[in-house]
Amino acid sequence: MAELTYHAHASYSLSDGSHDLLFDPFITGNPLATISADDLNPDYILLTHGHGDHIGDAVPIARRSGATIIASFELANYCEAQGAETHDLGIGGAYTFPFGRVKLTQATHSSSITADDGTIVYLGNPAGIIVRFDGKTIYNTGDTGLFGDMALIGRLEKPDVVIMPIGDNYTMGIDDAVEAVRMIGAGTVIPVHYNTFPVIEQDPTEFVDKVGDLARCVVLKPGESVEL
Ligand code: NI
Ligand code: MN
């Protein structure tokens, strides 16, 4: 049984008892985090894009634990240059790892990091990540605005679970996320990327009400787990 543990913002772990995957580990500096980055020992770290609230502690965790970082080409190379083991993918491409298949999808967002001197370093395209894990297909849309090909992704990949932002300002807000749920058609939806900062404050019960019978909504508190 796959277990998902939420680490606040857009970060979570997936475990099937023998493989541990960590997504977008923004732990240090995350005001809602309930753990320390030192407590995480994943086998793989999967990154949707290079923004600081997603790459977070990925490189230090990877260097300590030996985890392989899975990300788009430029972001993987950026992490590798800092001493992490990586596997790079392109959008639309999939690869089967020992734990299951990973495919990157498009996301309408950006992907960059600001260097110490203020220069913006672009890290390729942002992505969504579809993982086939322990018999489930789990689609993490990444930070994204609404786009019509979510319906195509839903039809082709048939996700059981979708993890999507509802915080607005940087990503979809509640109403667009509800439309995304309708297009993707997954049975279970987990809202993320809200309430970490004042600018993305949202009431998840409004999302739950608006999703209605379109899907089962699972609202997790930081540190909480759910069996998928
Ligand atoms: Ni972002
Ligand atoms: Mn973000």
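User: Which residues are the protein donors of the manganese ion (ligand 2)?

Analyst: Quick heads-up: this is a predicted model, where local features need pLDDT of at least 70, side-chain atom pairs count only at pLDDT 80 or more, and totals for chains, interfaces and linings use all residues. Side-chain values use heavy atoms, without hydrogens and water, residues are numbered from 1 along each chain as its sequence is written, and chains are lettered from A and ligands numbered from 1 in the order written. Donors are N, O and S atoms within 2.8 Å of the metal (3.2 Å for Na, K and Ca), and water is not among the atoms, so sites may look incomplete. Lying 2.1 to 2.3 Å from the manganese ion (ligand 2), they are Asp53 (OD), His54 (NE2), Asp143 (OD) and His193 (NE2).

User: Which residue coordinates both the manganese ion (ligand 2) and the nickel ion (ligand 1)?

Analyst: The two ions sit 3.1 Å apart. The manganese donors follow the spacing D-H-x88-D-x49-H. The residue coordinating both ions is Asp143.

User: Why does His9 count as buried?

Analyst: His9 sits in the loop between β1 (3-6) and β2 (12-15); strands are DSSP E runs of at least two residues, numbered from the N terminus. Buried means under 20% relative accessible area, exposed over 50%, partly exposed in between (1.4 Å probe, protein chains only). His9 counts as buried because its relative accessibility is 1%.

How values were computed. Helix = DSSP H or I, 4+ residues; strand = E, 2+ residues; numbered from the N terminus.
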